[in-house]
Amino acid sequence: MTQLPIPADLPDVTLNENAKVVLSRRYLRKGPDGKPFELPKELFWRVASHIAAQEAAFKGGKARVAQRAREFYELMTSFKFLPNSPTLMNAGTDLGQLAACFVLPVGDSIEEIFDAVKHAALIHKSGGGTGFSFSRLRPAEARVGSTGGVASGPLSFLRIFNTATEQIKQGGTRRGANMGILRVDHPDIIRFIKAKEREGELNNFNLSVGLTEAFMKAVDADEEYALVAPHTGEEKARLKAREVFSMLVQKAWESGDPGMVFLDRINRDNPTPQLGEIEATNPCGEQPLLPYEACNLGSINLALFHDENARDGVDWEGLKTVVHQSVRFLDNVIEASVYPLPQITETVRTNRKIGLGVMGFADLLYQLGVPYNSQEGVNLAEKLMGFIQDESKLASKALAEERGAFPAYAGSVFAQKQQGPYRNATTTTIAPTGTLSILAGCSSGVEPLFALSFVRNVMDGDRLVEVNPHFEAALKMAQAYSPKLMEEVAKIGSIKAMDYLPEDIRRVFVTAMDIEPIWHLKMQAAFQKYTDNAVSKTVNLPNSATQEDIWDIYWKAYEYGCKGVTVYRDGCKTSQVLCTGEGQ
Ligand code: CDP
C-alpha cells in the first residue's frame, strides 16, 4: 500500500465523545478478534497519505506528496472537511473501494437481473450504496418468450434484491442501502406505490417514483396518461394522473414512502447526455448517476467558517481554500479507488464525477443569529452554495490544466457552452452526512437540528446524548442558562413554547419540527440552485399534517425546481432514527 510513515511531529487528533464511539465502532481497522488495531491518528494519516500519494501519477506530483499528505491530514482532523465513509474506512487498505454511491442497470432478463443482484452484493460488501431503476423490466403477468410462462414483474424481483442486501453487512460495518425507482408510466406503478404500505416491507430499500414532465402536466390538467410496457412499447392501460398522484401522496402520508424524483429534470442537468440517460439515483437520492457509474462525496463543515469580523459573518477566504483542497482531494480519490467491476471503473474514469457538499449549515445559522425559516436564511444558503459551486468549478478547471479534462468533456454540455474544460463532470452534491456529522460534531447536511438536545439511537441499541453547543452558549450569554432548563429542553426538544425565554433566542434556535414545511422546501430549492447533482433533504411535518399538505409540498417541489422530494410525518413509523423525549 502507498503509505508514508507517520511523521514524528504530526499533531494528534482531538475527538469529541460521540466521535470516539463512532470511529471505534465503524471506522478503525479491526483485527480477527474484532478489536481496533488502529488509532484515530493512524486512521487519518492512512487516508491522507494514500490520497496524497495519487499525486505522484501526475507531472511534478511526486515532490508534492509529503506536503499534500500533511495538508489533507490537517483538512480532515480540523473537521473542516471529511470524505464519505467508504474513503475513511477503505483508503490504504486491501479493499480500496472509496465511493459511497453507485447505480446499476437492471435489464429485462433473468441473467441481467441476477447479475445486478451479484454486483450490488459486491458493492455493499465494500461499503457503497446502490440505486436501480426497475423500469426496464416487463410487467407482472407479461409473457416470457423462452418458457411460455408469465413474468413476475419488478416488485417480486425487488424483494430478491432486498433479501440479498439483508445478508451482507457493508464492509462488516453497516447494512447495505438501496434506492429502487420505477417510472410513473410503468404498468406496475400502483403495486410499486403500495409496496411499502406494511411496515418492515422492503426495509433495505428507499423507493421513489420516477415522475416525468408529461405526467406532471397531466396532473395539472386533470387528464389521463398511458402506462406502457417497456419491453414492447405497447400501451397497457390509461390512468387518471391525479388519482395516481393522490395515491402517491396518501402512501407518503402514511409511511414516508415512496418519495419522488423528477427524471426529466435530472436529465436536463445531465452533463454527458452523449453517454446515455440517467434513470436512477443513489440510496438517499442526492446523486443521480448513469448505469455503472459511481461517485465519491465529501462535505465541508460550515459550522467552522463563522467569523464575526468578516463580511456576512463568514470566513470566505478560509472557505475558498478548503473548497480547492477538497476538490483536489476528491479527484485524487477517483485515482485511488478500486471498483468492484471493470464497467464501473470505465464509466467513473470517463466522467470523473465528484460530489462536494456541506454539513453544519444549521450550526452556522445559529452562530450568525439567523433563523432557518427566514428569507435571510434562504439568501445565505444561496450565497454560500453559489460561492462553493463557483470555487469548485475553478478548482476543477485548474485540475484540468494540470491533469487533463474528464475524457467525456468534448461531447459534454460544457464543451457546447464553451465552459471549462473541467476535470470533473460534476463537482457538487449535498449528502445527508449521517455519520460524518457525528464525527465532525455538527448538524447534518443542510438540515435544521432535529432537537436542541436529543438522544440518538445508533447501531445495536447504543444511545448517544447530545446538546447543541451554540444553544448552550447563547443561553449562557443571555444569562438564561440553567441545568433544569436543559432537562426540560431534552424532554421536549423545542423551545418554541417556552415564552419565558428571550424572544431572539426562540426565533433563532428553531428545530426541524418548528419549521413550517414551506421553509424546508425553500431551503432545499436554494441549495439545489447551486448544486450540480441533488440535495439530500427531508421535509419534516407534524403528525397532524394532512394529505393536502403533502400534495402541496410535492407540487411546490416541482414548481421550485427541486430534483426530488422526501417528506416525513412525525410518528408515522414506530421506530425513528432520531427522537426527542424520554423513554424512546
Ligand atoms: O455520513 P456518511 O458518509 O456515512 O453517509 P451519508 O452522507 O449519510 O450518505 C451518503 C451516501 O452513502 C448515501 O446516499 C448512500 O449512497 C451511502 N450509504 C450507504 O450506502 N449505506 C448506508 N448505511 C448509509 C449511506
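Domain bounds here come from an automatic or database domain assignment. On that basis the chain splits into domain 1 (1-95 + 297-448 + 514-584) and domain 2 (101-281). The model is a predicted one, in which local features need pLDDT of at least 70 and side-chain atom pairs count only at pLDDT 80 or more, while totals for chains, interfaces and linings use all residues. Residues are numbered from 1 along each chain as its sequence is written.

First, the overall picture. The chain holds 21 helices and 19 strands, counted as DSSP runs (H or I of at least four residues for helices, E of at least two for strands) and numbered from the N terminus. A compact globule of 584 residues would have a radius of gyration near 25 Å, and the chain's 24 Å agrees with that; the radius is taken over C-alpha atoms, and the globule rule is 2.2 Å times the number of residues to the power 0.38. Along the principal axes, the C-alpha atoms fill a box of roughly 70 × 65 × 55 Å. Buried residues make up 50% of the 584, where buried means that 20 or more other C-beta atoms lie within 10 Å of the residue's own, exposed means 12 or fewer, and partly exposed is in between, with C-beta atoms placed from the backbone. Of the contacts with a separation of 6 or more, 74% join residues 24 or more positions apart; a contact requires C-beta atoms, placed from the backbone, to lie within 7 Å.

Now to the two domains. Their C-alpha centres lie 27 Å apart, and the contact takes 35 residues from domain 1 and 32 residues from domain 2. On the domain 1 side, the elements giving two or more residues are helix 4 (85-90), helix 12 (342-351), helix 15 (413-416), helix 21 (547-559) and strand 18 (564-569). Strand 18 provides the largest share, six residues. By class, this side has 20 nonpolar, eleven polar and four charged residues, with Ala, Val, Leu, Ile, Met, Phe, Trp, Tyr, Cys and Pro counted as nonpolar, Asp, Glu, Lys and Arg as charged, and the others, Gly among them, as polar.

Of the 19 residues around it, S85, A100, G129, C284 and G434 come nearest; a residue is near if its C-beta atom, placed from the backbone, lies within 6 Å. The shell divides into eight nonpolar, nine polar and two charged residues.

Helix 8 (residues 213-220) has F215, M216, A218 and V219 buried. These cover an arc of only 160 degrees around the axis, which puts them on the same side of helix 8; the arc is that of the directions from the helix axis to the C-beta atoms. Their cover includes strand 7 (205-211), strand 8 (224-228), helix 9 (241-255) and helix 21.

As for the backbone, most residues other than glycine have a negative phi, and most peptide bonds are trans. F79, however, has a positive phi of about 60 degrees and sits in the loop between helix 3 (65-77) and strand 1 (81-83). R352 also has a positive phi, about 50 degrees, and is found in the loop between helix 12 and strand 14 (354-359). The peptide bond from D257 to P258 is cis, with omega near -5 degrees, and the bond from G420 to P421 is cis too, with omega near 0 degrees.

Terms used:
Two residues are in contact if their C-beta atoms, placed from the backbone, lie within 7 Å.
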